[in-house]
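The report below takes them in turn.

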Amino acid sequence: MSVATETKTANQPNAKKKHPPGLYLLFATEAWERFSYYGMRALLVLYLTSTAIQGGLGFKESFALSLYGLFTGLVYFTPIIGGWLTDNFIAKRTAITIGGIIMATGNIVLFGINSATGLYIGLTLLIIGNGFFKPNISTLVGELYDKDDNRRDAAFTIFYMGVNVGSFFAPLVVGYLSSSLFATHSGGVTTFGYKYGFLAAAIGMIFGQVLFNVLGNKFLGDKGTKPNVKVLKENATAIDKKIPLTKKEKQRTLVIVILTCFVVFFWAGFEQAGSSLTLYTDKFINRQIGSFTVPTEWFASINPFFIIILAPILSSFWIKLARSGKNISIPAKMAMGIILLGCGFIFVILAVMKTGSDPNHITVKANIIFMVMTYFFHTLGELVLSPVGLSAVSKYAPLKYASLLMGVWTLSSFVANTLAGQLAALTTSLGMLEVFMYIGAVAVGIGLILLAISPKLAKMLE
């Protein structure tokens, strides 16, 4: 909150009020959950593709990359089911606790059963647990504020920082545990301690749940203790779904659907970070800095690091544009995000042109800066596209279909992540250069198409 906001007169609502302490409890809970998820995510492809003697499962790269895409896709599918359950039967806080316990159990299974059976049981538990957790903690943040509370936007910004704090530290911790502290060296072979990374993810999830449940009643009061349907009945705010949509509502709904289709292409390229880009980094990037070898898992921290640095700068930039009367429309911003994603692939393409994509014949490794710049442009694209898209859905979706359209928006991530896994798997047959060039070119092309039709879409949103 700015100094100017703090000094507003007392007759302006919420001008001098601090954020409720419940916000910071949810911040901490989400930070630990993201620590758990991103810690596991940073390890997964490496764990799947490393040989048994290296501490992994020895899966073929094509299968491992497809499995990774399916897993990350289902992580975005089950929240639709979890959201429906809390709409009708389960209180949000109960669902968050159930989800946290199931996810912690999933990581414990991955730690304790280092086999294909343990893998499938662990991932299934993580997918189910995330379905309970993910759709409810962010909506619980919204329940802390009245609809007209001018602190709401700032609250979600603070909460989003919790996501990125957890995402930033998780790869650093699990990377150190698996590649340094618990790694062993014998006969020229390194055995990585991947399972201890999964254990750290479980501990993080458990710690977050202990905080949430011990301090929940004190800082959240009765928020999130009733299913949504019961709250609606008590407040007499049921929506009559028999009333037809207006022409403007139909136009806005169509725009949301169109933008959702374009977003699939963005996330399909962006999610190469945890699959094909991770494998390329592990094998083809010179990770040596002096006598220290940067763990591959640490590269997963680059994205949240750039988000923490760039988000306030970009937010201020949009505000300055709006004040000067040069505001950029939502569809145009999203088009820019997709184009930036495509531009990011230019750097990894240059790296592959230097190193080739055959791990058995590496004559030279690429400089670490190539991957840093790839992630920089991808993060910039994410910041331009993702928050704007969520804002568009929440702002323009007709009230009686708001939850449905948000579900459709989330479902796009399921499609995108599944597609991302298939694209990553193609790197093992077509080669990394061809696949990265294809993804980058398609992203720029799709972005330019969206940019061309953005004036029409913006007019439909007005």
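Which helices and strand each supply at least two residues of the lining of the second largest pocket? They are helix H2 (21–49), helix H6 (152–181), strand S2 (189–191) and helix H10 (276–284), where helices (H or I, at least four residues) and strands (E, at least two) are DSSP runs numbered from the N terminus.

This is a predicted model, in which local features need pLDDT of at least 70 and side-chain atom pairs count only at pLDDT 80 or more, while totals for chains, interfaces and linings use all residues. Residues are numbered from 1 along each chain as its sequence is written, and side-chain values use heavy atoms, with hydrogens and water left out.

The lining of the second largest pocket comprises 22 residues, and Gln54, Phe192, Tyr194, Asp282 and Arg287 lie nearest the centre.

Helix H5 (residues 116–143) has 28 residues and should span 40 Å at 1.5 Å a residue, which agrees with the 41 Å between its end C-alpha atoms; the expected span is 1.5 Å times one less than the number of residues. H5 bends by about 30° at Asn130, the bend being the angle between axes fitted to the seven residues ending there and the seven starting there.

Two residues count as buried, meaning under 20% relative accessible area with a 1.4 Å probe and protein chains only. Their contacts (heavy atoms within 4.5 Å) leave aside neighbours within four places in sequence.

| Residue | Relative accessible area | Contacts |
|---|---|---|
| Ser412 | 3% | Thr260, Val263 and Val264 |
| Phe345 | 0% | Gly269, Gln272, His378, Phe436, Ile439 and Gly440 |

Ser412 is found in helix H14 (residues 402–426), and Phe345 in helix H12 (residues 330–355).

Definitions and conventions. Buried means under 20% relative accessible area, exposed over 50%, partly exposed in between (1.4 Å probe, protein chains only). On a 1 Å grid over the protein atoms alone, a cavity is a set of points where a 1.4 Å probe fits but cannot get out, and a pocket is an open set with protein on both sides within 12 Å along at least five of seven lines; lining residues have an atom within 4 Å of a point.
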